[in-house]
Amino acid sequence: MLLQGFGTLLSLLNLAMLVLAVVALFFAATAREDAYRATDKQTKVFWLVLLGVTVAVNLFIPMLFLQIAGLVATIVFMVDVRPAIKQVSGGGGGGGRKGGGSSSDGPYGPYNGGR
């Protein structure tokens, strides 16, 4: 019974790693090439190959060591590369605001601290 639960847990972890790698591959494929060059975060082709190999390993090669190496690459892309690309492309940093105001802006303009 315990081994069956462990196998289920490993299957869920494998699925989660696969989904994360596919999402990262999608984000890498849809970003502009010049954004990669502007951020000095390797090239678009480098990340597409690395994340594509990660997806293939998660699908076809059940070797935990290779899957963990791919997971590390996926996390680096999602935590470091993707935010830098979004910032260069103008897609981030606004906090959901239209117009791209400052973080101290209120609904009627900038907050000046009671001055």
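This is a predicted model: local features need pLDDT of at least 70, side-chain atom pairs count only at pLDDT 80 or more; totals for chains, interfaces and linings use all residues.

Student: How many salt bridges does the count come to?

Tutor: The count comes to three salt bridges.

Student: Which residue does D80 meet in a salt bridge?

Tutor: The side chain of D80 meets that of K41, at 3.1 Å from N to O. D80 lies in helix α4, residues 64-89, and K41 in the loop between α2 and α3, so the pair ties together parts that are 39 residues apart in sequence.

Student: Next one. What does E33 pair with?

Tutor: E33 forms a salt bridge with R37, and their closest N and O atoms are 3.9 Å apart. The limit is 4 Å, so this pair falls within the rule.

Student: Where do E33 and R37 lie?

Tutor: Both are in helix α2, which covers residues 33-39, and they are four residues apart, about one turn of the helix. In general, an α-helix has 3.6 residues a turn, so residues three or four places apart point the same way. As for accessibility, E33 is partly exposed at 30%, while R37 is exposed at 54%.

Student: And which residue does R32 meet?

Tutor: R32 and D34 meet through their side chains in a salt bridge, 3.0 Å from N to O. R32 has a relative accessible area of 42%, which makes it partly exposed; D34 is partly exposed too, at 36%.

Student: Change of topic: α3. What should its span be?

Tutor: At 1.5 Å a residue, the 17 residues of α3 should span 24 Å, and the end C-alpha atoms are 24 Å apart, which agrees.

Student: Which residues of α3 are buried?

Tutor: K44, W47, L51, T54, V55, V57 and N58. Seen down the axis of α3, these buried residues fall within an arc of 165°, so they line one face of the helix.

Student: What covers them?

Tutor: The cover includes α1 (residues 2-30), α2 and α4.

Student: Which exposed residues are on the face turned away from the buried side?

Tutor: On α3, that face carries V45, V49 and F60, which are exposed.

Definitions and conventions. Residues are numbered from 1 along each chain as its sequence is written. Side-chain values use heavy atoms; hydrogens and water are left out. Buried means under 20% relative accessible area, exposed over 50%, partly exposed in between (1.4 Å probe, protein chains only). Helices (H or I, at least four residues) and strands (E, at least two) are DSSP runs, numbered from the N terminus. The expected span of a helix is 1.5 Å times one less than its number of residues. The arc is that of the directions from the helix axis to the C-beta atoms. Contact means heavy atoms within 4.5 Å.
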